[in-house]
Amino acid sequence: MTVPEMLLPLFFAAVGFVWLLIGARTEEPEFGFHAFLSAAACAAAIFVIFNRYFDRPAEAPPQEIDGKPNYNFDIVRFAVIAALFWGIAGFLVGLILALQLAFPVLNLDLQWIAFGRLRPLHTSAVIFAFGGNVLLATSFYVVQRTCRARLAGDLAPWFVFWGYQFFIVIAGTGYLLGITQSKEYAEPEWYADLWLTIVWVTYLLVFLATLWKRKEPHIYVANWFFLAFIVTVAMLHVGNNLAVPISPYSSKSYVVWGGVQDAMFQWWYGHNAVGFFLTAGFLAIMYYFIPKRAERPIYSYRLSIVHFWSVIFLYIWAGPHHLHYTALPDWAQTLGMTFSIMLWMPSWGGMINGLMTLSGAWDKLRTDPVLRMLVVSVAFYGMATFEGPLMSIRSVNSLSHYTDWTIGHVHSGALGWNAFVSFGAIYCLVPWLWNRKEMWSLRLVNWHFWLATLGIVLYITAMWVSGILQGLMWRAYTSLGFLEYSFIETVAAMHPFYVIRAMGGALFLTGALIMVFNVWKTITVGEEVSSVPAPAMVPAE
């Protein structure tokens, strides 16, 4: 047995025993459910590790075969399938939420599916479950190919993958059961946060070890962005989630920060979850998959380095712009606004670098819907990174904050930038990973592109209009100085826009379902790439 095969079962046995003890002694049935679920997961992990040991060959997998790297792509395949599964789940919950806002009767007076519990489920599912698995798949693929080395570790990458899936299950079921610490993008309670920390540190070590044993002396810029994303998210997660449980037998905890310090930490985390999880990680995807799909080198490698260091330095300071007109000191608000405005230029530098990579290959956009999806994602990145600095300005923020304009801004980035670049990457990965010539149907990819694009346009335009209308109605006064509209009147005015948003969400979900069908057909009946070279041409006699 290898050292991990000996130590991991002992680790899971100890953790499982602790969870059995907690489950037996807790007085919270929801926490007890999570405790016994965790104990069962530990038992399953021990069984899988021993079963794998008895089934595997005696020797470790070779690092190279016939002088070529023996890449570990099995884990990438699992992450791609997990991303598709969680993506559909997250988009579906988002559609349900949009319908609940348009037609509140759809809450059905059931606490488990009420808006307040489904909303964090939706955000976590699309960001951390769908987006997180896309990042796992692409980072594990890209680091191997650009380093020309097999992924480091044997069990460690699988621990990262399955440990991350278990965190998603614990977090999601916790939301439905009412377990939350009520922090935006950081809802899971202390025990889920602790588990994610262990998984994430292992992820960092696997990535670093793969870079360490690389055969390619140069570290490609995509790996810089992946590494920045992994390291910074770890720092943000630990800082924002420092909490003291009221008891080992309770799910409830209290964050160590209080008052305005807690708000400051939350939005230092919250904005940089966008900046590093949803931007740096996905920029790494852009820097690898657009050049590969366009069959062109990146437009300017020097610009990519400037882009990296500018974004990494500036983004970390932008969080206070979420706290304009609050108890946060004015100097901190101004700092956040200033750095947000400064972010505009490096962000657009990255957008230009991605778009100009197509120099000499623009004609491919007519025939390649996958490349079109990747390029449109970069265009949405540019739009979102212009709108964000604009909304950080105090005078604009006084109109936009707490309105649907913010919702429209978030989804122009999340759907247009993050989802589209993820779809494009998956469309590239699936044929490569399953040895297929191309996706089963490029026509279905085209349908997906147009349905999703129309859905995004309906969504964000509806939210822009409703958000600005909200802001104007809230600040409207009569000649006597009274508010002109009651709050319920502003809510009623939003109804048609909420219906349009739901329509846009339905179109986006339909496109994603088409993608899942296309991927399934590609894997099962797609045309295989022949590993035997074609015979040489023989001159006619």
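Buried means under 20% relative accessible area, exposed over 50%, and partly exposed in between (1.4 Å probe, protein chains only). The model is predicted, so local features need pLDDT of at least 70 and side-chain atom pairs pLDDT 80 or more, while totals for chains, interfaces and linings use all residues. Residues are numbered from 1 along each chain as its sequence is written, and side-chain values use heavy atoms, without hydrogens and water.

**View A. Methionine 6 in helix α1.** Methionine 6 lies in helix α1; helices are DSSP runs of H or I with at least four residues, numbered from the N terminus. With a relative accessible area of 42%, methionine 6 is partly exposed.

**View B. Phenylalanine 12 and phenylalanine 159.** Rings of Phe, Tyr and Trp (its six-membered ring) pair if their centres lie within 6.5 Å; planes under 30 degrees apart are stacked, over 60 edge-to-face, and the rest tilted. The count by this rule is 56 aromatic pairs. Here the ring centres of phenylalanine 12 and phenylalanine 159 are 6.2 Å apart and the planes stand at 50°, so the pair is tilted. Both phenylalanine 12 and phenylalanine 159 are buried.

**View C. Phenylalanine 78 and tryptophan 162.** The ring centres of phenylalanine 78 and tryptophan 162 are 6.0 Å apart with planes at 70°, so this pair is edge-to-face. Phenylalanine 78 belongs to helix α3 (residues 74-102) and tryptophan 162 to helix α5, 84 residues apart. Phenylalanine 78 is partly exposed at 39% relative accessibility, and tryptophan 162 is partly exposed at 48%.

**View D. Serine 377 in helix α13.** Helix α13 (residues 369-392) contains serine 377, which is buried at 0% relative accessibility.

Key. Helix = DSSP H or I, 4+ residues; strand = E, 2+ residues; numbered from the N terminus.
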